[in-house]
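Here is a short tour of one protein chain, written to be read with the model open beside you. Take a moment to turn the structure around before reading on.

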Amino acid sequence: MPIVPKQFMHVGGLVALVGAACYGAIVYPMNHAAEYRRIQEETRKNIDREQIQPGGMRIWSDPFKERVKEEPLFIQRARKQE
């Protein structure tokens, strides 16, 4: 059985630790998107978006849906003033 230097064991442990942290923070939520979407719907169901949104900003939309092309706000405001 070959002898592994301690430096290799420390580096291997660090790589394993970073990998475990990335799994919990990145990989698991991406694989379980439906569960996280359901949780967000439950926590946001009693929030009035128009009331808490700062003036002139677009309301949050679902990032999983295909985005509809819309005009920029400065063009919309110019048309309203005409």
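## A partly exposed arginine and its surroundings

R38 counts as partly exposed, because its relative accessibility is 42%. Please keep in mind throughout that this is a predicted model.

What does the side chain of R38 meet in a salt bridge? The partner is E42, with 3.0 Å from N to O. As a general point, side chains of opposite charge can pair when their charged atoms come close. Both R38 and E42 sit in helix α2, which covers residues 33–44. The two are 4 residues apart, or about one turn of the helix. E42 has a relative accessibility of 46%, so E42 is partly exposed as well. The count for the model comes to 1 salt bridge.

Now for the overall layout. The protein has 4 helices and 0 strands, and from the N terminus the elements follow the order α-α-α-α. Is the fold more spread out or less spread out than a compact globule? The radius of gyration is 24 Å, well over the 12 Å that the globule rule gives for 82 residues, so the protein is more spread out than a compact globule. Along the principal axes, the C-alpha atoms fill a box of roughly 80 × 30 × 25 Å.

Burial and surface come next. Buried residues account for 0% of the 82 residues. The protein exposes about 8100 Å², and 61% of that area is supplied by carbon and sulfur atoms. On this surface, Y23, I26, V27 and M30 form a nonpolar patch, which together has about 400 Å² of accessible area. V27 belongs to helix α1, residues 6–31. With a relative accessible area of 34%, V27 is partly exposed.

Further along, I52 lies in helix α3, residues 49–52. I52 counts as exposed because its relative accessibility is 59%, and the cut-off for exposed is over 50%. From I52 to H32, 20 residues apart along the chain, the C-alpha atoms are separated by 29 Å.

The accessibility values discussed above can be lined up like this:

| Residue | Relative accessibility | Class |
|---|---|---|
| R38 | 42% | partly exposed |
| E42 | 46% | partly exposed |
| V27 | 34% | partly exposed |
| I52 | 59% | exposed |

Finally, a word on charge.

How values were computed. Residues numbered from 1 in each chain as written. Predicted model: local features only at pLDDT ≥ 70, side-chain atom pairs only at ≥ 80, totals over all residues. Heavy atoms only, no water. Salt bridge = Lys/Arg side-chain N within 4 Å of Asp/Glu carboxyl O. Buried < 20%, exposed > 50% of the residue type's maximum accessible area, 1.4 Å probe, protein only. Rg over C-alpha atoms; globule rule 2.2 N^0.38 Å. Areas by Shrake-Rupley, 256 points an atom, 1.4 Å probe, with all protein chains shown as cover. Patch = residues over 30% accessible without salt bridge, like charges linked within 9 Å, V, L, I, M, F, W, Y side chains within 5 Å.
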